[in-house]
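Please open the structure in your viewer and keep the selection panel at hand.

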Amino acid sequence: MNEERIISYASSLKGRYEELGVLITDPNVICDAERYTRLSKEYKRLENLFHELSEYEQCKALIEEARHTLDSSNDEELKALAKDQLEESEANLPLTIQQIALMLVPEDPEDAKNAIVEIRAGTGGDEAALFARDLFKMYSRFAEQQRWQISVTHVTEGALGGYKEIIFNLSGTAVYGTMKYESGVHRVQRVPETETQGRVHTSAASVVVLPEADEVDVDIKESDLRIDTFCSSGAGGQSVNTTYSAVRIVHIPTGVVVQCQDERSQLKNKAKALAELRSRIYDIERSKQLESVASQRKSMVSTGDRSAKIRTYNYPQGRVTDHRIGLTIHDLDGVMNGNLSTIIDALSVAENTNKMSEAMLA
C-alpha cells in the first residue's frame with residue numbers, strides 16, 4: 001500500500017476531527033444521547049488515528065535525524081548510536097503505517113453483535129459427523145479463551161457420537177466480528193476411527209456464522225409463523241423430556257425453519273428459536289446486499305461464498321491451511337484446542353487491507 005496516499009488520506013480527516021471536538025461539547029448534542037454516543041465514538045476513533053499519525057511523524061523525524069548524523073558526523077560513537085536509531089525507526093515505520101491504514105477502515109456495526117453458529121456434517125458420512133464434533137470442541141475452547149458464553153440450541157447426533165448438525169449461540173464482546181471468518185466449508189484429511197487399513201480419508205463440514213439480529217432489525221409478524229411443540233429427544237430419537245417443551249417455528253413467507261429443545265421451558269425455547277429465526281431472516285436480506293458488493297471484489301474473506309472450501313486440517317502432516325489467504329500453520333493440535341487467534345488475526349488484516357484499498361480508490 002502506498003505510504004504517501006495513506007498518510008495523505010489520514011491527514012485529510014483532521015477537519016472532521018476538529019469538527020467533532022466542537023460538536024461533542026455542544027449542549028444540544030449532549031442532550032441527544034444517541035447522537036452524542038455516536039459522535040463520541042467517532043471522535044475517539046479519530047483521536048487514536050491522529051495519535052498514531054503523530055507516532056509516524058516522530059518516526060520519520062528520527063530517521064531523517066539519524067541519516068543526517070551518519071552523513072555529517074565524524075564521531076564514531078555518535079554514528080553508532082545513529083545507526084541503531086535508524087535501524088529501529090526503519091523497522092517501526094512500516095508497522096506504524098500498517099496500523100494507520102487499518103484504523104482508516106470504517107467499523108462494521110455488525111461486528112459488535114453476538115453470533116449464531118451452525119455446524120453441519122458434509123461429505124464423509126460418520127467421519128464427517130465426528131469432524132463436526134471436533135469443530136464444535138475447537139470453537140468451545142476458543143470461546144472459553146475469549147470469555148464468551150456458549151449456549152447450544154439444537155443438536156442432531158450421528159451414529160458414532162458425532163454431530164450431523166449442531167447450532168449454538170455465542171455471546172460476549174465483538175463475537176460476530178471475530179467469528180465471521182469461520183463461515184465456509186472446512187475439510188479434514190485423516191485416518192478415520194472406522195478405518196481398519198490406515199488409509200487417509202477426506203471429509204468435510206460446513207460452518208455458517210450469523211450475526212444475532214435485534215428485534216428492531218427484523219419485523220416478524222405473528223401471522224407469518226407456524227409454531228409446533230414436541231418432546232425433546234436425545235440420540236436415536238429417545239425422548240428425554242415427557243413435556244412438549246421443544247419448539248419448532250416455520251416462517252411461512254421465506255420457508256425458514258428453526259427449532260430449539262435446549263431448555264426445559266417451552267417459553268425459553270420459543271424465545272431462543274425466535275432469536276435464531278430473526279437472525280436467519282436478517283441474514284437473508286443482508287446476504288442480498290453483500291452479493292452486490294462481492295461481485296465488485298476480486299478477493300473475499302468473511303463475506304465469501306459459504307459453499308467454498310476455506311480451510312484444510314491435515315492430520316498426517318500436522319498442519320492447518322487457510323486457502324483464502326494462503327496461510328499454513330504447523331500446529332494442528334494447538335488449533336484444534338482453540339488457538340485460532342493467529343488465523344483470525346491474519347484474516348482480519350487481509351480483509352481490512354482490502355477494504356481500505358477500496359475506500360481509497362473510491
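Two strands pair if DSSP finds at least two bridges between them. With that term in hand, please note that the model on the screen is a predicted one.

**Stop 1**

Select residues 225-230, which are strand β6, and then residues 246-251, which are strand β7. These strands pair in the antiparallel sense over 6 bridges. Within this pairing, select Thr-229 of the model; Val-247 in β7 stands opposite Thr-229.

The 3 strands form an open sheet in the order β6-β7-β8, with antiparallel pairing.

**Stop 2**

Next, display the open sheet of 8 strands, whose order is β2-β3-β1-β5-β4-β9-β10-β11. The pairing here is mixed. To find the edge strands, select β2 at 149-157 and β11 at 327-329; each pairs on one side only. Neighbouring strands of this sheet are likewise turned by 15° against each other on average, direction ignored.

Inside this sheet, select β9, residues 309-314, together with β10, residues 319-322. The two strands run antiparallel and are joined by 4 bridges. Arg-311 stands opposite Asp-322 in β10.

**Stop 3**

Helix α6 lies across β1 (115-121), β2, β3 (163-171), β4 (184-190), β5 (201-211) and β9. Relative to β4, helix α6 runs at about 110°.

A pair of aromatic rings is described by the distance of the centres and the angle of the planes. A search of the whole structure finds 6 aromatic pairs. For one of the pairs, show the side chains of Phe-131 and Tyr-313: the arrangement is edge-to-face, with 5.5 Å centre to centre and 65° between the planes.

**Stop 4: helices α4 and α5**

Select helix α4, residues 33-72, and helix α5, residues 76-103. How are these two helices arranged? They pack at an angle of about 155°, with their axes 8 Å apart. Angles over 145 degrees count as roughly antiparallel, and α4 and α5 are therefore roughly antiparallel to each other. Their crossing is left-handed. The residues of the contact of α4 with α5 divide into 15 nonpolar, 7 polar and 9 charged.

**Stop 5: helix α1 against α4**

The crossing of α1 and α4 is left-handed. To display the contact, select Glu-3, Ile-7, Ala-10 and Ser-11 of α1, with Leu-49, Phe-50, Leu-53, Tyr-56 and Lys-60 of α4. By class, the residues of this contact are 6 nonpolar, 1 polar and 2 charged.

**Stop 6: helix α1 against α5**

Finally, keep α1 selected and bring back α5. These helices pack at an angle of about 50°, with their axes 10 Å apart, and α1 is thus oblique to α5. Helix α1 passes α5 in a left-handed crossing. On the α1 side, select Glu-3, Ile-6, Ile-7 and Ala-10; on the α5 side, select Leu-93, Ile-97, Ile-100 and Ala-101. Which classes of residue make up the contact of α1 with α5? There are 7 nonpolar, no polar and 1 charged residues.

Definitions and conventions
Residues are numbered from 1 along each chain as its sequence is written. This is a predicted model: local features need pLDDT of at least 70, side-chain atom pairs count only at pLDDT 80 or more; totals for chains, interfaces and linings use all residues. Side-chain values use heavy atoms; hydrogens and water are left out. Axes are lines fitted to C-alpha atoms, for helices over the stretch in contact, and angles run from 0 to 180 degrees between N-to-C directions. A crossing is left-handed if the near helix is turned anticlockwise from the far one by less than a right angle, and right-handed if clockwise. Contact means heavy atoms within 4.5 Å. Ala, Val, Leu, Ile, Met, Phe, Trp, Tyr, Cys and Pro count as nonpolar, Asp, Glu, Lys and Arg as charged, and the others, Gly among them, as polar. Rings of Phe, Tyr and Trp (its six-membered ring) pair if their centres lie within 6.5 Å; planes under 30 degrees apart count as stacked, over 60 as edge-to-face and the rest as tilted. Angles under 35 degrees count as roughly parallel, over 145 as roughly antiparallel, 65 to 115 as roughly perpendicular and the rest as oblique.
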